[in-house]
Amino acid sequence: MRALIEQRLAGRQPLDTSRERMLANVVGAVSAELLALMDQSTRQAAVLLGLIERADGLHLLLTERATHLTHHPGQISFPGGRLSDRHEGPVDAALREAREEVGLDPRDVSVAGCLDLHATGTGFSVTPVVGFIAGSFEPEADPAEVSEAFEVPLDFVFDKANFRVSYRERFGSRFRVYELDYGRHRIWGATASMLMTFRNIICDD
């Protein structure tokens, strides 16, 4: 599986398709409020889709955000955050944030490539960075940012039957969103959207 992922992502340049993706998931009319939101400038961020090489296969590293955070408290997400300045790239930002949030040494990560940008309703444009993590890694969650770090088998994520579609009203429009449950964790929003994007790039169906 690692070889296939590396092949599919090799040399892939991330595109800013966040506006098109957002509009494609609107069911019905696009509100003036949503159009105004998409015309606003966004803050750049990056997350790490970390694939840990365990004995039974690849596992995705996910976190549950601390409940006191301003943005997306208590939600399931990837390690990541905003770029520190205009000179920091998405890969460096994703690795820096992963070190801060779960104690991941950047030297233990082999970056395979990036997915296209994803927009969030809180004004971020996020670049998902895909990287392989050494199987010896054990996350140590920083309680200032993360309440828990956990893993999901990649085979579970790549099984399309585990995704379901729901609908949410935001910014005066009705959105189609993906969700999936793993144990007691509900994965939805931008995180689930990134997982579906990743799955669609790697899987042939």
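**Charges, rings and a hairpin**

Biologist: Which ring does the charged end of Arg43 sit over?

Modeller: A charge sits over a ring if NZ of Lys or CZ of Arg is within 6 Å of the ring centre and within 35 degrees of the ring normal. For Arg43, the charged end is 4.2 Å from the centre of the ring in question, that of Phe124.

Biologist: Before we go on, where does the residue numbering start?

Modeller: Keep in mind that this is a predicted model: local features need pLDDT of at least 70, side-chain atom pairs count only at pLDDT 80 or more, and totals for chains, interfaces and linings use all residues. Side-chain values use heavy atoms, leaving out hydrogens and water, and along each chain, as its sequence is written, residues are numbered from 1.

Biologist: What is the bridge partner of Glu179 in S12?

Modeller: Strands here are DSSP runs of E, at least two residues long, and helices are runs of H or I, at least four long, both numbered from the N terminus. Two strands pair if DSSP finds at least two bridges between them; S11 (residues 173–182) and S12 do it in the antiparallel sense, over four bridges. In S12, Glu179 is partnered by Trp188.

Biologist: Which residues make the uncovered face of S12?

Modeller: In a regular strand, side chains alternate between the two faces of the sheet. S12 spans residues 185–188, and its covered face has His185 and Ile187. That leaves the uncovered face to Arg186 and Trp188.

Biologist: Trp188 keeps turning up! How far is the charged end of Arg168 from the centre of its ring?

Modeller: Here is another charge over a ring, with Arg168 placed over Trp188. The distance to the ring centre is 4.1 Å.

Biologist: And which residue in the hairpin of S11 and S12 takes a positive phi?

Modeller: There are two residues between these strands. The one with a positive phi, near 60°, is Gly183.

Biologist: Are the rings of Phe156 and Tyr182 stacked or edge-to-face?

Modeller: Rings of Phe, Tyr and Trp (its six-membered ring) pair if their centres lie within 6.5 Å; planes under 30 degrees apart are stacked, over 60 edge-to-face, and the rest tilted. The structure holds three such pairs. In this one the centres are 5.1 Å apart and the planes at 70°, so it is edge-to-face.

Biologist: How many residues apart in sequence are the parts that this pair ties together?

Modeller: Phe156 lies in helix H5 (residues 154–158), while Tyr182 belongs to strand S11. Tyr182 is partly exposed, at 27% relative accessibility. The parts tied together are 26 residues apart.

Biologist: What about Phe163 and Tyr178: what angle do their planes make?

Modeller: Phe163 is buried at 10%, whereas Tyr178 is partly exposed at 27%. Their ring centres are 6.2 Å apart, and the pair is edge-to-face because the planes are at 85°.

Biologist: Last one: how many disulfides does the structure hold?

Modeller: A disulfide is a pair of cysteine sulfur atoms within 2.5 Å. Cys114 is buried, at 10% relative accessible area, and the cysteine sulfur closest to its own is in Cys203, 19 Å away and so too far for a bond. The number of disulfides is zero.

Conventions
Buried means under 20% relative accessible area, exposed over 50%, partly exposed in between (1.4 Å probe, protein chains only).
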